[in-house]
Amino acid sequence: ATSNIMITMNLLKSSLLLLISSTSVQSFTTTPSPLASVPRNTKKAVDLARPTTSKTTSTSLAVGTEIVEPSYNLALGSLALGAAFGVPGSPLKSKLSAFLGGIPLTLFGLFLAFQTTTLRFTLDDDNFSLVKSNLESTGENVVVGGENVWSYKSFVNYDVFPSRNFPILIYFKETQTPEDQWNIGPGEQANSEEALAKGAVRGQVHFFPAIGNTEQLIGGFEKHDCAKLDL
């Protein structure tokens with residue numbers, strides 16, 4: 001029973017971290033930039049085979065824009081863990097684990113599935129962007145306004161946690177956001193004197209769950225020479 005409780009608590013800690021990063025996907029801190037503006041009426045990069053379900057016009061994408069494929073691996077993993085704690089006959093099932101692990105992980109998995117279905121990441125020649133699945137803009141950032149668009153040139157680091165082979169969180173740090181925002185939230189630790197002494201570079205920190213094809217996304221960062229620190 002004690003081991004089951006410890007497993008449940010560790011999974012809850014991981015779930016809370018993912019939930020915090022997941023809910024921040026649509027509230028990344030960005031800054032209004034002319035780089036966010038892309039040429040209109042350029043449809044070559046859009047998947048024209050995708051059926052149109054509404055009359056809403058999707059955001060015009062620059063020629064050559066790559067749309068990162070969605071990945072449901074994280075959502076399915078969370079749902080599987082939720083089932084393991086809640087399915088009758090499971091060795092991990094108990095009243096405590098079902099309440100503390102099974103229900104939250106199942107709800108979290110459904111939330112991740114929703115995010116994976118409704119959001120997309122794109123890579124054009126100059127910028128990395130977050131858009132809706134119909135390629136519309138996600139709108140102005142709720143913190144400082146401006147599109148959810150980041151110039152590759154503003155990147156100072158990026159990484160995958162816990163590893164590229166087992167992606168759960170995608171991380172990047174940029175200097176496009178106004179400097180007075182950099183120390184908000186996890187930025188305080190990421191920009192601390194201790195972190196800088198270890199080789200970190202100051203900037204705005206972003207985390208988001210791996211709801212897109214990680215290899216495609218990191219490959220795009222590498223292709224566009226985004227800065228990466230070897231810490």
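The buried residues of helix H6 pack against strand E1 (66-67), strand E2 (119-123), strand E3 (127-132), E5, E6 and E7; contact means heavy atoms within 4.5 Å, and buried means under 20% relative accessible area with a 1.4 Å probe, protein chains only. The model is predicted, so local features need pLDDT of at least 70 and side-chain atom pairs count only at pLDDT 80 or more, while totals for chains, interfaces and linings use all residues. Residues are numbered from 1 along each chain as its sequence is written, and side-chain values use heavy atoms, with hydrogens and water left out.

**The helix**

- Helix H6 covers residues 214-223 and lies across E5, E6 and E7, running at about 155° to E5; angles run from 0 to 180 degrees between N-to-C directions of axes fitted to C-alpha atoms, for helices over the stretch in contact.
- Its buried residues are Thr214, Gln216, Leu217, Ile218, Gly220 and Phe221.
- Aspartate 225 follows H6 and has a positive phi, near 55°.

**The sheet**

- An open sheet is formed by 3 strands in the order E5-E6-E7, with antiparallel pairing; two strands pair if DSSP finds at least two bridges between them.
- Strand E5 (155-162) and strand E7 (204-209) are the edge strands, each pairing on one side only.
- From one strand to the next, the twist averages 15°.
- Strand E6 (residues 167-174) is joined to E7 by 6 bridges, and phenylalanine 172 stands opposite histidine 206 in E7.

Key
Helices (H or I, at least four residues) and strands (E, at least two) are DSSP runs, numbered from the N terminus. Buried means under 20% relative accessible area, exposed over 50%, partly exposed in between (1.4 Å probe, protein chains only).
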